[in-house]
Amino acid sequence: MVQKKALITGVAGQDGAYLARFLLDKGYEVHGLVRWDSYVAKRDGLRRLNLLEVLGPYFSIHYGDVSDAHNIASVIKSTKPDEIYNLAALSHVQVSFDVPASSFDINAHGILNILEAVRCLDMEERVRIYQASSSEMFGKVPAPQNEMSAMQPCSPYGVSKLAGYHLARLYRESYGLWVCNGILFNHESPLRGEDFVTHKVTRYVAELEHGYQKPLSLGNLEAIRDWGDARDYVRGMWMMMQAEEPDDFVLASGQALSVRAFVDAAFSSLGYQIEWRGSGLDELGVDAETGNVLVKIDEAFYRPLELDHLLGDASKAKDILAWKPEIGFEQMLRDMIEHDRKIISLEGNGDG
Ligand code: F7E
């Protein structure tokens with residue numbers, strides 16, 4: 001059987017690593033695009049790919065950057081992929097307020113460079129493209145959100161992703177490129193970056209076992225997010241790419257929790273009960289048993305504009321692709337904390 005070839009941009013990230021593993025298990029030849037600095041910073045950069053044992057004979061790394069049009073065109077030309085998964089992104093919403101232009105270069109210009117490369121190389125007949133769109137594009141519109149909802153993003157990240165979404169749609173409609181948008185709600189896992197709130201919390205909770213240090217500083221506890229598991233979502237990406245027609249799909253768990261509820265759940269999974277005292281910036285999360293302050297609020301983690309409530313409706317993906325999430329919230333949380341405990345004990349042994 002002829003092996004399919006996939007090119008994954010952003011392969012060193014959470015989704016890239018899980019998707020590479022998923023496609024290798026399906027018998028694909030996988031090419032991954034990594035920025036040179038990810039490659040050089042091996043411990044962090046290729047850590048996920050190592051953990052999932054992705055590096056091997058059917059996986060090749062290519063240095064590159066989606067914001068460099070020549071580079072991405074030359075990688076597409078030389079690898080001749082059947083499927084391109086564009087997961088490269090500047091994905092931290094708060095950081096996008098500090099570097100809005102870089103967010104645009106990577107998140108909007110990046111997909112434009114891929115679409116133009118495929119078109120100019122006359123590869124539109126053979127290549128399918130997945131664009132990683134985001135629930136952050138919905139912004140302030142009322143929940144639940146689905147493919148028909150209005151989009152009013154409230155961060156440079158959200159606006160850049162919305163531009164990318166429209167470019168993908170435009171190239172599909174005007175040039176007939178096979179491009180789909182996966183509109184993914186928050187998705188977490190043991191491989192989530194530690195500057196995202198879920199992993200920041202699970203890591204702190206796992207560290208508590210080795211003794212109390214200083215409180216965990218968090219921002220807005222009232223934000224509500226629909227948290228699913230990245231492993232389910234990369235399967236959904238692949239399912240979108242196997243559909244008869246290219247289309248846009250929401251992937252979401254359909255259940256939403258506030259950041260505060262996530263914090264409560266994470267602490268209670270290791271037996272800590274938090275008592276919330278005070279309000280606003282003076283609020284504290286206190287260990288009900290010892291009185292230790294476990295959580296405090298730091299204004300630095302608030303964004304200039306907050307997105308209050310995301311809750312996804314993935315009925316279309318369920319109906320058309322037969323996709324549904326298989327990993328529930330409790331299991332995801334357990335896996336994250338177990339992973340953190342293991343990493344912390346390895347670090348303690350000097351193996352980290
Ligand atoms: O924040 C609040 C914060 O940074 C979640 C990305 O994958 O999902 C992700 O974006 C919520 C926000 O994810 C802290 O204000 C409170 O309301 O984990 P996050 P995000 O911004 O929702 C979407 C779908 C994407 O596409 C993005 O690429 O938690 N929050 N305290 C905090 N957030 C962080 N990071 N750190 C805090 O200390």
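User: Before we start, what are we looking at?
Analyst: It's a predicted model, where local features need pLDDT of at least 70, side-chain atom pairs count only at pLDDT 80 or more, and totals for chains, interfaces and linings use all residues. Residues are numbered from 1 along each chain as its sequence is written, and side-chain values use heavy atoms, with hydrogens and water left out.

User: Why are helix 10 and helix 12 called roughly parallel?
Analyst: Helices here are DSSP runs of H or I with at least four residues, strands are E runs of at least two, and both are numbered from the N terminus. The axes of helix 10 (residues 197–208) and helix 12 (residues 259–269) cross at roughly 25 degrees and come within 10 Å. Axes are lines fitted to C-alpha atoms, for helices over the stretch in contact, and angles run from 0 to 180 degrees between N-to-C directions. Angles under 35 degrees count as roughly parallel, over 145 as roughly antiparallel, 65 to 115 as roughly perpendicular and the rest as oblique. So helix 10 and helix 12 get the label roughly parallel.

User: Which residues make that contact between helix 10 and helix 12?
Analyst: Contact means heavy atoms within 4.5 Å. On helix 10 the list includes Val-197, Val-201 and Leu-208, and on helix 12 it includes Phe-262, Ala-266 and Phe-267. The residues of this contact split into ten nonpolar, two polar and no charged. Ala, Val, Leu, Ile, Met, Phe, Trp, Tyr, Cys and Pro count as nonpolar, Asp, Glu, Lys and Arg as charged, and the others, Gly among them, as polar.

User: Why are strand 3 and strand 11 said to stand at the edges?
Analyst: Two strands pair if DSSP finds at least two bridges between them. The open sheet of seven strands runs in the order 3-2-1-4-5-6-11, with parallel pairing. Strand 3 (59–63) and strand 11 (248–251) each have a single partner strand, so one side of each has no neighbour in the sheet.

User: How do you know that strand 2 pairs with strand 3?
Analyst: Five bridges join strand 2 (residues 29–34) to strand 3, and the two run parallel. Val-34 stands opposite Tyr-63 in strand 3.

User: What about the sheet of four strands, and where do helix 10 and helix 12 lie?
Analyst: Its order is 8-15-14-13, with mixed pairing. Strand 14 (residues 284–287) and strand 15 (residues 293–297) run antiparallel and are joined by three bridges. Helix 10 lies across strand 8 and strand 15, while helix 12 lies across strand 8, strand 13 and strand 15.

User: What makes domain 1 and domain 2 separate entries?
Analyst: The bounds come from an automatic or database domain assignment. It gives domain 1 as 5–190 + 228–255 + 309–327 and domain 2 as 197–221 + 258–307 + 337–348. Their C-alpha centres lie 30 Å apart, and 14 residues of domain 1 are in contact with twelve residues of domain 2.
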